[in-house]
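Please look over the model below before reading the points. They take the pocket, then the surface, then the charged pairs.

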Amino acid sequence: MGSTVLSLRIDSELLDRLKGHAAKRGMSVQDYVVRTLIREDFDERFTTAVEETEKFYGTEPGPPGTVPHDQVRPSAGIA
């Protein structure tokens with residue numbers, strides 16, 4: 001995979017905040033921004049994959065901690 005240059009124009013206050021966040025992690029501003037973009041992209045792709053899976057299987061997400069009635073739980077039948 002190759003790389004391409006992306007040039008951004010940002011105000012000085014944002015750059016100062018980015019420098020602070022990067023410094024806390026021992027990173028350069030460039031590395032911090034790239035890792036943040038990669039993480040955002042992953043989160044977005046993961047959310048899309050979950051939504052597509054739910055559409056395919058026709059499951060609606062329930063309240064947190066609940067299991068849809070048509071799924072078998074690993075502990076089913078164990079007393």
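1. The lining of the largest pocket holds 12 nonpolar and 4 polar residues, and no charged ones. Here Ala, Val, Leu, Ile, Met, Phe, Trp, Tyr, Cys and Pro count as nonpolar, Asp, Glu, Lys and Arg as charged, and the others, Gly among them, as polar. The model is predicted: local features need pLDDT of at least 70 and side-chain atom pairs count only at pLDDT 80 or more, while totals for chains, interfaces and linings use all residues. Residues are numbered from 1 along each chain as its sequence is written, and side-chain values use heavy atoms, with hydrogens and water left out.

2. This largest pocket has a volume of about 460 Å³. Of its 16 lining residues, L6, L8, Q30, V33 and V34 are the closest to the centre. A pocket is an open set of points on a 1 Å grid over the protein atoms alone, where a 1.4 Å probe fits, with protein on both sides within 12 Å along at least five of seven lines; lining residues have an atom within 4 Å of a point. The volume is the space filled by probe spheres set on the points, which are joined across faces, edges and corners.

3. Two elements, α1 (12-24) and α2 (29-57), each give two or more residues to the lining of the largest pocket. The most comes from α2, with 7 residues. The chain has 2 helices and 0 strands, taken as DSSP runs numbered from the N terminus (helices H or I, at least four residues; strands E, at least two).

4. L6, L8, I10 and L14 make a nonpolar surface patch of about 380 Å². Patch residues have over 30% relative accessible area and no salt bridge, and nonpolar side chains (Val, Leu, Ile, Met, Phe, Trp, Tyr) are joined within 5 Å. L8 sits in the segment before α1 and is exposed at 58% relative accessible area. Buried means under 20%, exposed over 50%, and partly exposed in between (1.4 Å probe, protein chains only).

5. How many salt bridges does the structure hold? There are 2, each a side-chain nitrogen of Lys or Arg within 4 Å of a carboxyl oxygen of Asp or Glu. R45 and D41 meet at 2.9 Å, N to O; they lie 4 residues apart in helix α2, so about one helical turn separates them. D41 is partly exposed, at 39%.

6. The side chains of E52 and K55 form a salt bridge at 3.5 Å, N to O. Because they are 3 residues apart in helix α2, about one helical turn separates E52 and K55. E52 is partly exposed at 42%, whereas K55 is exposed at 61%.

How values were computed. Patch = residues over 30% accessible without salt bridge, like charges linked within 9 Å, V, L, I, M, F, W, Y side chains within 5 Å. Areas by Shrake-Rupley, 256 points an atom, 1.4 Å probe, with all protein chains shown as cover.
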